[in-house]
Structure formats: C-alpha cells, structure tokens
Amino acid sequence: MALDIQVTFDVHDLEVMSRFWALALDYEEEPPPPGFSSWEEFAERNQIPPELWRAAVVDPERKRPRLFFQPVPEGKTAKNRVHLDIRASAGMEGEDGRQRARQHAKRLVEAGATVLHEKDEPIGWCIVMTDPEGNEFC
C-alpha cells in the first residue's frame, strides 16, 4: 500500500498562502478537530501561542495530498527544488486546454500570483507562475 503524503510550505503569511493554495487547487481549509469550532479556538484552548500556529488545506474528497503551511522567519532565497504543477487542462488538447489553463491563471493572478512566462517545449506547454510569496509553480 502506498504511503500518504503532505506537501509542506515554509511561509510568512499563513492566511494568505493557505487561502491562495486552496483557491489554486479547489481545496478547502482543513476542518478543526471534533469539539472545536475553529483552529483559533483549538490553539487557544491548548495554549498554543500565535507564533506556533499552522494551517492546512485539503482536497474536499480527501484523495489528493494535504498542503501544510508553517511560518518561518527567513524569506525565500533560491529557486524551488520541488514545485507543484497544477494540471488545469488535464484531458484537454490544443487551444481548448490552453484557454482553460489561462482562465485559471487569471484567477490566481487576481489572488496574488504572478505570471512569469508561458513555455512551449517538446514535452508540453505550461504557464510558469509564482505564488504570493514567490514560490514557482506551473
């Protein structure tokens, strides 16, 4: 049986980054543990100081990896060694797929992403972008 994974992001702004990636992947905020109405309530009741708070977003169907966000003091200093590819046009060919990807990219730009460039290579076409904190993704 395959092991479950999560993708962890080092971030400055938990709220901005968790909301951005939930939008990017059609995910949702991970619900708080049973008996708590919010993660804030969970943290306060467990005496977790705000500087130790974390955030996570999940696939509503729980079929894809969880994204976990943890605050760090330092900024991004180099190119990502791992990045996410959002397959917004999966299963679509040609211009229809490109238009669908461009529409999704437009939504992400409105949420704080930046388009770096479009890339057309023998292995495929993609839009190279950065999230609100400068992490590259396609």
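Helices (H or I, at least four residues) and strands (E, at least two) are taken as DSSP runs and numbered from the N terminus. Two strands count as paired if DSSP finds at least two bridges between them. A hairpin of this kind joins S5 to S6 through 2 residues.

This is a predicted model, in which local features need pLDDT of at least 70 and side-chain atom pairs count only at pLDDT 80 or more, while totals for chains, interfaces and linings use all residues. Residues are numbered from 1 along each chain as its sequence is written, and side-chain values use heavy atoms, with hydrogens and water left out.

The protein chain contains 3 helices and 7 strands. Read from the N terminus, their order is β-α-β-α-β-β-α-β-β-β. The C-alpha trace spans about 55 × 35 × 35 Å along its principal axes. Contact here means heavy atoms within 4.5 Å. Of the contacts between residues at least 6 apart in sequence, 56% join residues at least 24 apart.

S5 and strand S6 (residues 124-130) run antiparallel and are joined by 7 bridges. In one of these pairs, Lys119 has Cys126 of S6 as its bridge partner.

Elsewhere in the chain, Glu30 lies in the loop between strand S2 (28-29) and helix H2 (39-45). Is Glu30 buried or exposed? Buried means under 20% relative accessible area, exposed over 50%, and partly exposed in between (1.4 Å probe, protein chains only). Glu30 has 19% relative accessibility and therefore counts as buried. Beyond its neighbours within four places in sequence, Glu30 is in contact with Trp39, Ala56, Val57, Val58 and Arg66. Over the whole chain, 30% of the 138 residues count as buried.
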